[in-house]
Amino acid sequence: MAPAVPLAYTLRLAPDLARFRFEGETEIRLRAEDPVAEVVLNAVDLAVWRCALGLGGERAACRFEVDPQAETLRVSLPRQVTGEFSLAIAYTGEIHDRMAGFYRSRIRRGRGTRWLAVTQFQESDARRAFPCLDHPGWKAPFTVEIDVPRGMTAIANTAVEEQRPLPGGRRRLRFAPSPPMPTYLVFFAVGELEVHPDALDPRVRLVVPPGAADRGRFGLEFGRRALAASEEIFGVPYPLPKLDLIAVPDFAFGAMENWGAITFRENLLLHEPGVTSSAAEERICEVIAHEIAHQWFGNLVTPADWKYLWLNESFATYFGYGVVDRFYPAWGTWEEFLQGTTAVALHRDALRETVAIEIPGGEHLVINTSTAPIIYNKGASLLRQLEGWIGPEAFRRGLRRYLESHAYGHAVSRDLWEALEWAASRPVTALLSNWVGQPGFPRVSVRREGSLLHLAQRRFTYLPLEGSPTWMIPLRLRLFLEDGSSRVAEILLDTPERALELEPGVVACKLNDGQTGYYRVDYEDPDLFAALRRLARERRLAPADRWGLLEDHFARVLAGEIPLAAHLALLEELAEEDDPLPLAAVASELSQAWLWSGGETAPKIAAAFALRFGAVLAAIGWEPGAAEPRGRTRLRERVLFDAVRFGCPEAAAFAAERFAALRRGKRLHPDLLRPVMQSGAWLGGKAELSWFLRRLRAAESEHERLAILTALGAFAEPARVEQVLELVLTAIPERNVFLPVAALAARRDTSEALWAWYTGRQERIAGLHPMLEERVLAAVIPAAGRVRPGEVRAFCGELLARRPRTADVVRLSLERLEIGLRLLGANP
């Protein structure tokens, strides 16, 4: 335990948006069980000018020392203190533009600019706004007072409790004390904002820049529905009197779950009629539901250390999809979960440079390009596996017990496991500790000998790795019988090998039925694999299982176990596939194979893609239908541009005609906007680039800006590629710089240009928000390494020596490069 424990905070802030400065005073009430002579707080980028001890109704000045490197404020007390006392600290700070701490965000209003001062504290940045014990292990109530300039509004975690006028037209707002919460959930903002309560549940409020209310109605309505659903699912009422959904123009992350005051990137809250695609609409709902789930998982019950962050993010990710599916079952949300969440986790987790779900704890949180797919995607996928094993009712009972037992307090992983084990009467603790505590995941190999099905597990990695742990794997098998029927069998594989006696009449067996498990499958038995391919052709395997069959097979290609030609033959054998989910896998696999193939193989893959998906697009329709299934809509948006760049003449003609109409001022269906813009860039040149830049400057919708920025990475002409790269750091907001870079990196012809751009601007790129710099590095290192592997490896070694903070993303990117180079070497 710390020598002094925080009991309550009072924050008094006076922001000046003309000078981008703020004055602050923080009063912390603490308790020391043993005598203390000093208190060490976290603080950085603050000019502290006074500290005072409050004890017995009297105040005494304190000596203090600021250590910028350690990010600490060391306060020496006039004498040793025991019991309750307070510290009052006065300071000033900068409202900077780095999208962390207390920062400024630009609000565009016509040709003018207004400023919003807003906070983002997760990643240990509350210390940039006020001195504090900046760790989730310390929870305390917060009372916030803000001096609000004339014509502006202030928002905080709780509702306004009191306000009084100040000279110059300012107001001092005092917000009600919050429940006990950690510093990373504290929120306050000041600026020109509109507040719109929901008509049916006024607890839920939309907070937007002026004039954006109409675009926020969709998100507000879904937020109200998601809050009601969460209260019903979790069995614990939402404890605050309000829940604000706040649109922030400049935001590094997608959203942030500040208790009672959730912040979002504009495109993840605001719905733009005629611009927001179906996929973006689904993403709005999923992110809103994700952040609302955090009000219980993370806010009500907080991890005792950053090590247990998965207790927040895995649950929020899983329930984000679940709540959307509850209201929009026709959207096929769980199919999108497979492609967008589980597949991402499996590809990330198959690297040797992976981490356990329980990340290393400590003073700082580390959510980055390396850890996020594990904490969010893998964690959510494991929860789906767990719920499938213990059943939905036991899963819900266990979660309710967990929340009720630890409300307003802290939890560690074992607290959750024990609650679920109590509800399920199954060895949940043993199973989850097995999965959460060790990195990677297993592959189950299957072969049949007569009536025996031999199962063996081993850790799966793309590059060789010695040794393998053992997992407790809840296996779900679908047994196909000779009479045409099928049934499901379940076993727990908790040993390296096991033989299963099959009943008479079993002709085939599909492991991971429904793809609810988090593991790969290798059908070593050629006859068994042939039987499954036949079932796939006959559509007797469900779409999710056909998707899994393809994904598991392609993983063997990336692992160097089978040649790419074998997978291309499988895709050809299943050429009649018409379901959007397995077709999404086909498109992704062909694109990856093309990217890492040589001059002889790549054109053949491109031609196969163009032929196949040209036919798919003709079959589903080039234009979105009014009532078509969402999976079809998502597939069209995913593959149209790739069909164009891989040489499908029908796709190119369609996209060119639609792009020409767009340039003439015609409105385009929102589900076609991004791929048509990409195609227009690919087929265009100097005049088209000028048009895009004019449109970018005039765009009022973040959805449209994102489509344009992605399209900028699609220009084929080398001169245009150079122009786009020149614009990345000069004309594109920092929050979005990675978009054209990532788009350029997904091509074979831009490696040299990207490397020259990065190496010439690496110091400027190093000044980006850390998450944004990581995204640039993750794109550039494999792309440049395709043509300059030795130089890129050497550069990365020097980068690691100079800037160890980049280690996670650099090592991950280098491993991806090695995997790609092996594939390239095998397919010249």
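**Cavity lining and ring contacts**

In this predicted model, the second largest cavity is lined by E335, E336, Q339, P580, L581, A584, G631, R634, L635 and R638.

Me: What makes these residues the lining of the second largest cavity?
Reply: Lining residues have an atom within 4 Å of a cavity point, and E335 and R638 are among those listed. The volume of this cavity is about 80 Å³, and the search of the whole structure finds four cavities of 30 Å³ or more.

Me: Which helix gives the most to this lining?
Reply: α14 does, with four residues. At least two residues each come from α4 (333-349), α12 (580-595) and α14 (630-645).

Me: How does the lining divide into nonpolar, polar and charged?
Reply: Four residues are nonpolar, two polar and four charged. G631 is in the lining, and Gly counts as polar.

Me: Why is the aromatic pair of W259 and Y408 called tilted?
Reply: The centres are 6.4 Å apart, and the limit for a pair is 6.5 Å. The planes make 35 degrees; stacked needs under 30 and edge-to-face over 60, so the pair is tilted.

Me: What makes R401 a charge over the ring of W422?
Reply: The charged end of R401 is 4.1 Å from the ring centre, and the limit is 6 Å. R104 over the face of W115, at 5.6 Å, also meets this distance limit.

Definitions and conventions:
Residues are numbered from 1 along each chain as its sequence is written. This is a predicted model: local features need pLDDT of at least 70, side-chain atom pairs count only at pLDDT 80 or more; totals for chains, interfaces and linings use all residues. Side-chain values use heavy atoms; hydrogens and water are left out. On a 1 Å grid over the protein atoms alone, a cavity is a set of points where a 1.4 Å probe fits but cannot get out, and a pocket is an open set with protein on both sides within 12 Å along at least five of seven lines; lining residues have an atom within 4 Å of a point. Grid points are joined across faces, edges and corners, and a volume is the space filled by probe spheres set on the points. Rings of Phe, Tyr and Trp (its six-membered ring) pair if their centres lie within 6.5 Å; planes under 30 degrees apart count as stacked, over 60 as edge-to-face and the rest as tilted. A charge sits over a ring if NZ of Lys or CZ of Arg is within 6 Å of the ring centre and within 35 degrees of the ring normal.
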